[in-house]
Amino acid sequence: MHSKLFLAFGSLIGAFILVYGTAVMNRMVVGDYYMNEGLVDVNYAYLSLLCAVPFVLGCLVKLNITPKNRFTFIIVAGLLFAVLFTTVHWAFVYYGVEMAAGVLFRTLLVLPISALLVVFAVFVGFNMEGDFGKESEVI
């Protein structure tokens, strides 16, 4: 169940659920989508794929994380990114950010870079901790 391929596929599906789920939630709460054409806009798919890349790489690349903890690593990074993405996506819709070519390019650039930074930060945190869940011997 915790194989690398399972985690990579789950990360990809999770990114699509996150992006399209927040779009639907924004439509229900605010009454509008971020992309001009709604859910059928292909830019939502691009955003999903670009945001999934750091998580898929985190699953497939050999890291100093035990296979048992790799699942926890992906879940923690995914939840942190979900909070960040949901907040930013909601703010874009709520404040009515106009969808121009420059804004779209920055969105497709900044949000995946944010996902990469979250994955990197969680990776550093896991390596600093050593064995996740083990009590610290500092005290």
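**View 1. Aromatic pairs in the predicted model.** Searching the whole of this predicted structure turns up eight aromatic pairs. Let's start with Tyr 34 and Phe 92: their ring centres are 4.9 Å apart and their planes meet at 20 degrees, so this pair is stacked. The two partners come from distant parts of the chain, 58 residues apart, with Tyr 34 in the loop between H1 and helix H2 (42–60) and Phe 92 in helix H3. Tyr 34 is buried, at 4% relative accessible area, whereas Phe 92, at 24%, counts as partly exposed.

View 2. Trp 90 is partly exposed at 35% relative accessibility, and Tyr 94 is partly exposed at 48%.

**View 3. An aromatic cluster.** Have a look at Phe 16, Tyr 20 and Tyr 44, which ring pairs link into a cluster.

**View 4. Helix H1 against helix H3.** The axes of H1 (residues 4–29) and H3 (residues 67–94) come within 10 Å and cross at roughly 20 degrees. That angle is under 35 degrees, so the two helices are roughly parallel to each other. Their crossing is right-handed. On the H1 side, the contact residues include Leu 7, Leu 18, Val 19 and Val 29; on the H3 side, Phe 71, Ile 74, Phe 81 and Trp 90 are among them. The residues of this contact divide into 12 nonpolar, five polar and two charged.

Note on methods: Residues numbered from 1 in each chain as written. Predicted model: local features only at pLDDT ≥ 70, side-chain atom pairs only at ≥ 80, totals over all residues. Heavy atoms only, no water. Axes fitted to C-alpha atoms, helices over the stretch in contact; angles between N-to-C directions. Helix = DSSP H or I, 4+ residues; strand = E, 2+ residues; numbered from the N terminus. Parallel < 35°, antiparallel > 145°, perpendicular 65-115°, else oblique. Left-handed = near helix turned anticlockwise from the far one by under 90°. Contact = heavy atoms within 4.5 Å. Nonpolar A, V, L, I, M, F, W, Y, C, P; charged D, E, K, R; others polar. Phe/Tyr/Trp six-rings, centres within 6.5 Å; stacked < 30°, edge-to-face > 60°. Buried < 20%, exposed > 50% of the residue type's maximum accessible area, 1.4 Å probe, protein only.
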